[in-house]
Amino acid sequence: ELTDIIIDDIKIYNSFDYVYTKRTHYRNNPEDIKKHIALLTKEQDKFKSLKASKADNSELIASMKTIEAIQETIFDLVVSTFSFSEEEYKTTKLLLDYKKFGEVTSSLVVSALTISAIYFYSEKKILTLYDTYFSTDCEEVKQRALCGAIILSYIHRDRVNSSYDINRRVELFSD
């Protein structure tokens with residue numbers, strides 16, 4: 001884990017990779033993901049009310065573009081978070097609630113978790129993906145979570161093999 005942290009610190013300043021570019025940006029300009037969650041909720045409510053009031057298409061399109069921009073920022077924030085503190089875990093779990101945030105947002109968060117964990121091993125992220133697979137009833141989110149967990153389990157197989165918690169999830173899955 002210490003080696004991962006050191007490698008990450010070296011790469012963050014010497015890599016032009018998408019993920020490291022985002023990490024550099026958000027490390028130098030910390031953004032509050034809770035602020036973006038609040039903006040997303042507000043904009044989704046606005047979109048629903050516009051749709052219910054049969055507003056013209058230009059207003060609906062403008063609201064959809066705003067939602068997409070917020071979703072993109074949330075994706076970037078999750079991708080660029082390598083450590084997975086308890087607060088980040090709770091926020092991510094909240095965003096995985098597709099009934100509240102929608103299938104697209106939850107699917108994007110699952111993909112962001114997967115990409116992030118490809119770059120920086122996180123047992124918590126892999127467990128979160130397995131738990132999402134077991135707990136959600138949204139097929140799109142469920143399939144992405146399972147694919148992400150399997151891909152990460154393969155990429156980080158040496159570490160996963162020594163993880164009791166991940167192996168326990170795989171046993172539950174095989175049952």
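Which side chains meet in a salt bridge at 2.7 Å, N to O? They are the side chains of Asp 131 and Arg 169. A salt bridge here is a side-chain nitrogen of Lys or Arg within 4 Å of a carboxyl oxygen of Asp or Glu. The model is predicted, so local features need pLDDT of at least 70 and side-chain atom pairs count only at pLDDT 80 or more, while totals for chains, interfaces and linings use all residues. Residues are numbered from 1 along each chain as its sequence is written, and side-chain values use heavy atoms, with hydrogens and water left out.

The structure holds seven salt bridges. In the pair from the opening question, Asp 131 lies in helix H8 and Arg 169 in helix H11 (residues 164-174), 38 residues apart. Helices are DSSP runs (H or I, at least four residues), numbered from the N terminus. Asp 131 is partly exposed, with a relative accessible area of 21%, whereas Arg 169 is buried at 19%.

Glu 86 pairs with Lys 124, their closest N and O atoms being 3.3 Å apart; Glu 86 sits in helix H5 (residues 86-95) and Lys 124 in helix H8. Glu 86 counts as partly exposed at 42% relative accessibility, and Lys 124 as partly exposed at 31%. A further bridge joins Asp 137 and Lys 99, with the closest N and O atoms 4.0 Å apart. Asp 137 is in the loop between H8 and H9, and Lys 99 is in helix H6. Asp 137 is exposed at 53%, and Lys 99 is exposed at 62%.

Now to the inside of the protein. The largest nonpolar core has 37 residues. Such a core is a set of buried Ala, Val, Leu, Ile, Met, Phe, Trp, Tyr and Cys residues joined through side-chain atoms within 4.5 Å. Ile 33, Ile 74, Leu 95, Ile 126, Leu 129 and Ile 166 have the most contacts inside this core. The elements giving two or more residues to the core are H3, H4, helix H7 (103-119), helix H8 (123-135) and helix H9 (139-155), and H4 gives the most, with eight residues. Leu 129 touches several residues (contact means heavy atoms within 4.5 Å), including Val 110, Leu 113, Ala 145 and Leu 152, not counting residues up to four places away in sequence.

Terms used
Buried < 20%, exposed > 50% of the residue type's maximum accessible area, 1.4 Å probe, protein only.
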